[in-house]
Amino acid sequence: MHSKTTIIDGEEAIVGSANLNGRSLRWDTETAVYWRDTKTVRELQTKLWDPHFGETTDLDAPDPHRRWSARAEENVVLPPGQRKGFIMPYNLEAAAKTAKFRFWVPTNMV
């Protein structure tokens with residue numbers, strides 16, 4: 001199953017197959033699980049973040065997202081064998097070179 005995970009403020013989570021676009025929300029058959037139990041949502045977040053971050057993440061630390069950005073900047077200059085986790089910055093310039101508007105896709109499906 002191809003799935004996505006959304007965690008909102010460490011208090012709510014959605015795990016399912018839908019994309020947040022017109023195609024998934026209007027035409028495709030999708031499924032998801034949504035819950036609001038803060039304890040299990042935080043456990044899920046830790047289980048997902050730790051392997052990507054390369055060490056145990058402290059969800060109560062000030063601005064954990066800033067730590068992700070810092071880790072990405074640290075990793076980008078290191079050879080793959082020396083990186084901590086799998087966090088890398090997103091290369092907007094490379095994406096812009098391959099991104100193209102596809103006129104045959106209805107705009108309400110994007």
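# Questions and answers on the structure

Student: At 32% relative accessibility, does I14 count as buried, partly exposed or exposed?
Tutor: The model is a predicted one, and I14 lies within residues 12–16, in strand β2. Buried requires a value under 20%, and exposed a value over 50%. With a relative accessibility of 32%, I14 therefore counts as partly exposed.

Student: Which residues form a nonpolar patch on the surface, with about 230 Å² of accessible area together?
Tutor: I14, from strand β2, is one member of this patch. Together, its members have about 230 Å² of accessible area. The residues that form the patch are I8, I14 and Y34.

Student: In what order do the elements of the protein chain run from the N terminus on?
Tutor: The protein chain has four helices and three strands. Read from the N terminus on, the order of these elements is β-β-α-β-α-α-α.

Student: How much of the protein chain is made up of buried residues?
Tutor: The protein chain has 110 residues. A residue is buried when its relative accessible area is under 20%. Of the 110 residues, the buried share is 18%.

Student: What share of the accessible surface of the protein chain belongs to carbon and sulfur atoms?
Tutor: The accessible surface of the chain comes to about 8,600 Å². The part that belongs to carbon and sulfur atoms is 56%.

Student: Why are K39 and E43 separated by about one helical turn?
Tutor: The side chains of K39 and E43 meet in a salt bridge, with 3.4 Å from N to O. K39 is exposed at 59% relative accessibility, whereas E43 is partly exposed at 37%. The separation is about one helical turn because the two residues are four residues apart in helix α2.

Student: Which residue meets the side chain of R42 in a salt bridge of 2.7 Å, N to O?
Tutor: R42 is partly exposed, at 27% relative accessibility. The side chain that meets R42 at 2.7 Å, N to O, belongs to D60. This pair links distant parts of the chain, 18 residues apart, with R42 in helix α2 and D60 in the loop between α2 and α3. The partner asked for is D60.

Student: With a relative accessible area of 6%, is R71 buried or exposed?
Tutor: R71 forms a salt bridge with E55, and the closest N and O atoms are 3.4 Å apart. E55 lies in the loop between α2 and α3 and R71 in helix α3, so the pair ties together parts that are 16 residues apart in sequence. E55 is partly exposed at 32% relative accessibility. The relative accessible area of R71 is 6%, so R71 is buried.

Student: Which residues are linked in a network of salt bridges?
Tutor: A search of the whole structure finds six salt bridges. The pair of E55 and R71 is joined by a salt bridge, and both residues belong to the network. The linked residues are E55, R67, R71 and E74.

Student: How far apart in space are R67 and T57, C-alpha to C-alpha?
Tutor: R67 lies in helix α3, which covers residues 64–76, and is partly exposed with a relative accessible area of 28%. Beyond its neighbours within four places in sequence, R67 is in contact with F53, E55, T57 and D58. A polar contact of 3.5 Å also joins the side chains of R67 and E55. R67 and T57 are ten residues apart in sequence, and their C-alpha atoms are separated by 9.3 Å.

Student: Which residue has its backbone oxygen 2.9 Å from a polar atom of the side chain of N75?
Tutor: N75 has its place in helix α3 and is buried, with a relative accessible area of 1%. Residues up to four places away in sequence aside, N75 touches R83, K84, G85, I87 and M88. The backbone oxygen that lies 2.9 Å from the side chain of N75 belongs to K84.

Student: What distance separates the C-alpha atoms of G85 and F53?
Tutor: G85 is placed in the loop between α3 and α4. Among the residues that G85 touches are F53 and N75. G85 and F53 are 32 residues apart along the chain, and the distance between their C-alpha atoms is 4.6 Å.

Conventions: Residues numbered from 1 in each chain as written. Predicted model: local features only at pLDDT ≥ 70, side-chain atom pairs only at ≥ 80, totals over all residues. Heavy atoms only, no water. Buried < 20%, exposed > 50% of the residue type's maximum accessible area, 1.4 Å probe, protein only. Contact = heavy atoms within 4.5 Å. Polar contact = N/O pair within 3.5 Å; in protein donor to acceptor, adjacent residues only side chain to side chain. Patch = residues over 30% accessible without salt bridge, like charges linked within 9 Å, V, L, I, M, F, W, Y side chains within 5 Å. Areas by Shrake-Rupley, 256 points an atom, 1.4 Å probe, with all protein chains shown as cover. Salt bridge = Lys/Arg side-chain N within 4 Å of Asp/Glu carboxyl O.
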